[in-house]
Amino acid sequence: MSETARTSRKKQEYEQTLDASDKAVAQFEHKNRNFLDATQHFLHGNPTMVPVIVLVISIIIFGALAGSKFFSPFNLSLIVQQVSIIGILAAAQSLVILTAGIDLSVGAIMVLMSVIMGQLAITLGVPAPLAILIGFVGGILAGMLNGFLVTRIKLPPFIVTLGTWNIFFALNLWLSGAQSIRSQTLDEIAPLLKFFGESIAIGGARITYGSVLMLLIFAVLWYILNHTSWGRHVYAIGDDKEAAELSGIRTNRTLITVYGLAGLVCAIGAWASIGRVGSVSPQSFQEANLQSITAVVIGGISLFGGRGSIIGPLIGALIVGVFNSGLRLVGVDVLWQVFAIGWLTIIAVAIDQWIRKVSS
């Protein structure tokens with residue numbers, strides 16, 4: 001072989017360097033998880049389990065303290081009745097919070113739509129079914145107004161809905177004249193408005209149609225969020241809006257429909273609230289906004305968006321109902337019931353923060 005051939009077969013410098021390099025395969029250290037780490041990972045993958053565990057523990061504790069009075073069919077059905085309206089509002093609130101937003105106007109939309117339904121049916125003589133339908137349309141428009149201001153004017157959801165809360169509340173007082181429509185008047189002219197206040201007796205329990213409505217709303221929203229592309233888009237926007245846009249999701253349009261659907265749910269809640277209260281009252285459900293957020297947070301939906309199940313707020317509302325009922329039965333003052341719910345909310349947010357820090 002010639003000298004030139006030998007020279008050409010010599011390895012180049014970078015090849016010689018590669019031959020001398022470490023050829024060991026990269027390995028990753030596997031950390032043995034302790035019980036706390038395993039629990040954190042489990043709850044990260046199953047966020048609804050936190051409120052389920054809290055609900056079960058609450059029922060056991062208050063059942064032990066209050067005895068048979070707590071577990072009576074009447075008391076258990078009463079708990080569901082008492083949380084039905086807040087549960088419906090929590091469903092509407094959940095839709096917005098899943099997109100990493102917040103809606104402080106859900107309660108005001110609900111009360112305003114109940115006033116519109118009542119004024120149309122009682123004062124203007126509009127047939128009750130048409131008055132209810134107009135209320136539904138009004139709820140959608142009110143929600144879409146929030147969505148428009150958030151997406152097109154680029155205002156923060158907190159500021160937008162804080163402002164519209166005041167607007168809707170002022171319209172509510174103006175349309176009603178700050179006067180309630182009595183139950184007797186509704187019975188005479190538009191009894192359909194009180195439909196969801198009616199109940200059926202099952203054993204010792206009394207199940208109102210409003211309670212059934214709440215469960216149906218959660219069931220429908222669960223299906224939409226888990227089995228439609230729109231539902232997947234909602235979660236994607238809450239997780240990372242910019243990434244959702246890059247993947248082809250029309251985020252602004254989806255957000256407007258989210259707020260619009262939330263407004264419709266509030267309007268349905270308005271119809272149910274008339275039956276629950278027994279009248280059309282412009283002063284009712286003054287704390288509904290905060291109570292709906294409480295149910296959502298306790299229910300395991302992250303305030304940062306993109307994580308949690310719509311069933312969580314239903315469980316969260318039931319937890320609040322169980323706490324209020326249990327503390328009342330054992331003789332705790334209403335003031336301390338509110339105190340306990342406040343701490344429960346703080347603990348729920350702390351747990352959510354801890355779960356979000358899960359290490360892979």
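# Reading helix packing and aromatic pairs

Modeller: Let's start with two helices: α11 and α16 pack at an angle of about 155 degrees, and their axes are 9 Å apart. Keep in mind that this is a predicted model.

Colleague: How should I read that angle: are α11 and α16 roughly parallel or roughly antiparallel?

Modeller: Anything over 145 degrees counts as roughly antiparallel. That makes α11 roughly antiparallel to α16.

Colleague: Okay. Which residues in α11 and α16 meet?

Modeller: On the α11 side you'll find Met-214, Leu-215, Phe-218 and Trp-222, and they meet Ile-311, Pro-313 and Leu-314 in α16. Sorted by class, this contact of α11 with α16 has seven nonpolar residues, no polar ones and no charged ones.

Colleague: Now for α15 and α16. At what angle do they pack?

Modeller: Helix α15 covers residues 288–298 and helix α16 covers residues 311–329; they pack at about 110 degrees, with axes 7 Å apart. Angles of 65 to 115 degrees count as roughly perpendicular, so α15 is roughly perpendicular to α16. The crossing of α15 past α16 is right-handed.

Colleague: And which residues of α15 and α16 meet there?

Modeller: From α15, look for Thr-294, Ala-295, Val-296 and Ile-298; their partners in α16 are Gly-312, Pro-313, Gly-316, Ala-317, Ile-319 and Val-320. The classes in this contact of α15 with α16 come to seven nonpolar, three polar and no charged residues.

Colleague: How many of the residues of α15 are buried?

Modeller: Nine of its 11 residues, so α15 is mostly covered. Among the buried ones are Asn-289, Ser-292, Ile-293 and Val-297. If you follow the chain past α15, Gly-300 has a positive phi, near 95 degrees.

Colleague: Let's turn to the rings. How many aromatic pairs does the structure hold?

Modeller: It holds 10 aromatic pairs. To read one, check the distance between ring centres and the angle between planes: over 60 degrees counts as edge-to-face. Phe-62 and Phe-323 have ring centres 5.4 Å apart and planes at 75 degrees, so this pair is edge-to-face.

Colleague: Where in the chain do Phe-62 and Phe-323 sit?

Modeller: Phe-62 is in helix α4 (residues 49–66) and Phe-323 is in helix α16; they are 261 residues apart, so the pair links distant parts of the chain. Phe-62 is buried, at 7% relative accessible area, and Phe-323 also counts as buried, at 15%.

Colleague: What about Phe-195 and Tyr-209: is their pair stacked or edge-to-face?

Modeller: Planes under 30 degrees apart count as stacked. Phe-195 and Tyr-209 have 15 degrees between their planes and 4.9 Å centre to centre, and their pair is stacked. Phe-195 lies in the loop between α10 (183–189) and β1 (199–202), while Tyr-209 is in helix α11 (residues 209–227), so the pair ties together parts 14 residues apart in sequence. Phe-195 is partly exposed at 31% relative accessibility, as is Tyr-209 at 27%. Phe-195 and Tyr-209 also belong to one aromatic cluster with Phe-136, Phe-196 and Trp-271.

Colleague: One last residue. Where is Phe-285 found?

Modeller: Phe-285 is in the loop between α14 (251–277) and α15, and it counts as partly exposed at 23% relative accessibility. Leaving aside neighbours within four places in sequence, Phe-285 is in contact with Ile-85, Met-110, Val-111, Ser-273 and Val-277. Phe-285 and Met-110 are 175 residues apart along the chain, yet their C-alpha atoms are separated by 9.0 Å.

Technical notes
Residues numbered from 1 in each chain as written. Predicted model: local features only at pLDDT ≥ 70, side-chain atom pairs only at ≥ 80, totals over all residues. Heavy atoms only, no water. Axes fitted to C-alpha atoms, helices over the stretch in contact; angles between N-to-C directions. Helix = DSSP H or I, 4+ residues; strand = E, 2+ residues; numbered from the N terminus. Parallel < 35°, antiparallel > 145°, perpendicular 65-115°, else oblique. Left-handed = near helix turned anticlockwise from the far one by under 90°. Contact = heavy atoms within 4.5 Å. Nonpolar A, V, L, I, M, F, W, Y, C, P; charged D, E, K, R; others polar. Phe/Tyr/Trp six-rings, centres within 6.5 Å; stacked < 30°, edge-to-face > 60°. Buried < 20%, exposed > 50% of the residue type's maximum accessible area, 1.4 Å probe, protein only.
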